[in-house]
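Here is a short report on one protein model. Keep the structure in view as you read.

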Amino acid sequence: MDMLNDPALTAFRDEVRAFLTAHLPDHIREAATRATSVFIDPAVSLPWQHILHERGWAAPDWPAEYGGPGWSEIQRYIFAAECAHAGAPNLAPMGLKMVAPVIMHYGSAEQRAHYLPRILSGADYWCQGFSEPGAGSDLAALQLRAVPDGPDYILNGSKIWTTHAHFANRMFALVRTSNDGKPQAGISFLLLDMGLPGITVEPIRTLAGDHEFNQVFFDDVRVPQANRLGGENEGWSVAKHLLTFERGGKYAPGLIGRLGRLRARGNLDPMLRAQLDREAVTLTALQALELKAMRGVGGGAALYASALKILGTETAQRIDTMACEIAGHAGWADADGQTPAELAVAVPRYLNDRAATIYAGSNEIQRDLIARAMLG
Ligand SMILES: Cc1cc2nc3c(=O)[nH]c(=O)nc-3n(C[C@H](O)[C@H](O)[C@H](O)COP(=O)(O)OP(=O)(O)OC[C@H]3O[C@@H](n4cnc5c(N)ncnc54)[C@H](O)[C@@H]3O)c2cc1C
């Protein structure tokens with residue numbers, strides 16, 4: 001990373017690099033490079049999380065009091081960039097990056113003490129139960145009903161597009177606890193165990209043929225009210241807080257790594273090379289914006305999150321298209337008969353990445369949020 005002109009940061013980068021060289025196993029790096037999705041299977045991501053956890057680096061964004069390394073924003077960015085450059089797999093975001101910050105913010109002392117160490121170590125694997133068949137962009141229309149019964153709620157309904165529900169032992173879910181007033185005012189946020197009687201997980205295949213997400217059915221599922229995060233009917237605020245973490249983040253480091261591997265290839269069509277060069281400029285701008293957002297420059301975390309989501313996902317899709325073109329030009333294999341991983345997965349990754357402009361709230365909705373905030 002060429003933004004370093006501080007010897008302490010250079011030393012930090014070298015420390016991270018040395019750690020990655022020594023501890024990132026080849027089979028994990030190889031599996032990550034061949035992954036067709038940003039959601040890496042836990043068989044690959046969890047062993048890497050265990051290695052990072054042992055070093056105290058599994059959750060770079062967490063405050064030190066909960067087990068984070070206590071790094072500055074720029075150190076966290078350097079760490080992400082070095083991991084991407086080394087080909088390390090993404091860790092599952094649902095626990096570490098999505099539900100953990102809201103447990104820190106809204107959870108009781110007992111909830112924080114119970115869940116956070118299990119998220120950090122990878123003992124719990126989470127999925128996100130927000131969308132329903134009739135509630136996606138219009139999330140507040142959700143209908144999964146939670147009716148109080150003694151100390152519990154009884155849940156009936158279903159969640160859909162639930163990424164990695166077939167791996168997860170925990171779900172954080174938005175449920176309807178009231179139909180009075182505005183739809184947003186009758187939603188609660190629950191933390192639940194996926195092994196509870198009455199929960200069924202049905203696979204959904206994607207366009208790319210992957211089994212990545214599911215529909216999850218709830219049939220008289222009993223969940224303790226003590227598993228609610230925040231007050232009853234106050235789940236919408238928790239969800240909005242969480243969505244900032246889901247949408248924001250660091251797209252540039254991984255994309256810079258991918259683009260670099262494509263640009264390093266010889267014999268590229270000059271038009272294609274010019275397009276790749278243009279994306280390199282776009283990524284420099286995206287990186288600057290991500291750093292600005294991390295430092296909180298200009299405020300408006302939710303708006304930054306929306307803008308970064310649009311820029312990151314749309315740039316990724318353009319890079320996917322170019323990877324397919326290069327794979328076509330190169331006839332897949334190099335002169336030595338080997339097919340580089342980047343090209344071998346170009347088409348399935350292209351197909352899988354069509355979803356990137358839809359999940360975490362579609363890009364049309366993000367543009368709408370920005371327009372409403374900026375233009376009124
Ligand atoms: C790969 C993948 C993984 C996902 N994982 C999860 C998960 O783990 N948990 C979870 O809860 N959800 C998950 N989702 C669901 C995701 O959040 C929704 O797909 C998304 O919010 C869009 O909702 P929808 O699919 O119901 O589309 P709809 O809301 O029906 O929208 C259809 C189209 O209409 C457009 N549209 C809708 N309203 C407007 C408007 N007001 N203005 C302009 N355009 C509009 C949308 O942009 C979209 O193009 C996942 C989705 C995908 C694709």
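**Overall form**

This is a predicted model, in which local features need pLDDT of at least 70 and side-chain atom pairs count only at pLDDT 80 or more, while totals for chains, interfaces and linings use all residues. Residues are numbered from 1 along each chain as its sequence is written.

The protein has 13 helices and 7 strands. Helices (H or I, at least four residues) and strands (E, at least two) are DSSP runs, numbered from the N terminus. Along the principal axes, the C-alpha atoms fill a box of roughly 70 × 45 × 45 Å. The radius of gyration is 21 Å, which agrees with the value near 21 Å for a compact globule of 376 residues. That radius is taken over C-alpha atoms, and the globule rule is 2.2 Å times the number of residues to the power 0.38.

How many of the 376 residues count as buried? The share is 39%. A residue is buried if 20 or more other C-beta atoms lie within 10 Å of its own, exposed if 12 or fewer, and partly exposed in between, with C-beta atoms placed from the backbone.

**Domains**

The protein is divided into domain 1 (7-91), domain 2 (125-234) and domain 3 (248-375). These bounds come from an automatic or database domain assignment. The C-alpha centres of domain 1 and domain 3 lie 20 Å apart. Their contact takes 10 residues from domain 1 and 15 residues from domain 3. Two residues are in contact if their C-beta atoms, placed from the backbone, lie within 7 Å. On the domain 1 side, helix α4 (residues 73-86) gives the largest share, 6 residues.

**Around the ligand**

The ligand has 19 residues around it, and Phe-130, Gly-136, Ser-137, Ser-362 and Glu-364 come nearest. A residue counts as near if its C-beta atom, placed from the backbone, lies within 6 Å of the molecule. Domain 2 and domain 3 each give at least three residues to this shell. β1 (126-129) and α13 (363-375) each supply at least two. By class, the shell has 8 nonpolar, 9 polar and 2 charged residues. Here Ala, Val, Leu, Ile, Met, Phe, Trp, Tyr, Cys and Pro count as nonpolar, Asp, Glu, Lys and Arg as charged, and the others, Gly among them, as polar.

**The core**

The largest nonpolar core holds 91 residues, and Val-99 and Met-171 touch the most other members. Helix α10 (residues 301-330) supplies the largest share of this core, 11 residues. Such a core is a set of buried Ala, Val, Leu, Ile, Met, Phe, Trp, Tyr and Cys residues joined through C-beta atoms within 7 Å. Not counting residues up to four places away in sequence, Val-99 touches Met-94, Trp-126, Phe-172 and Leu-242.

**Single residues**

| Residue | Loop | C-beta atoms within 10 Å |
|---|---|---|
| His-164 | β3 (152-160) to β4 (170-176) | 21, buried |

His-164 has a positive phi of about 60°, although it is not a glycine. Ala-360 also has a positive phi of about 60° and is not a glycine. Trp-57 touches Leu-52 and Pro-69, not counting residues up to four places away in sequence. The C-alpha atoms of Trp-57 and Gly-198 are separated by 37 Å, and these residues are 141 residues apart along the chain.
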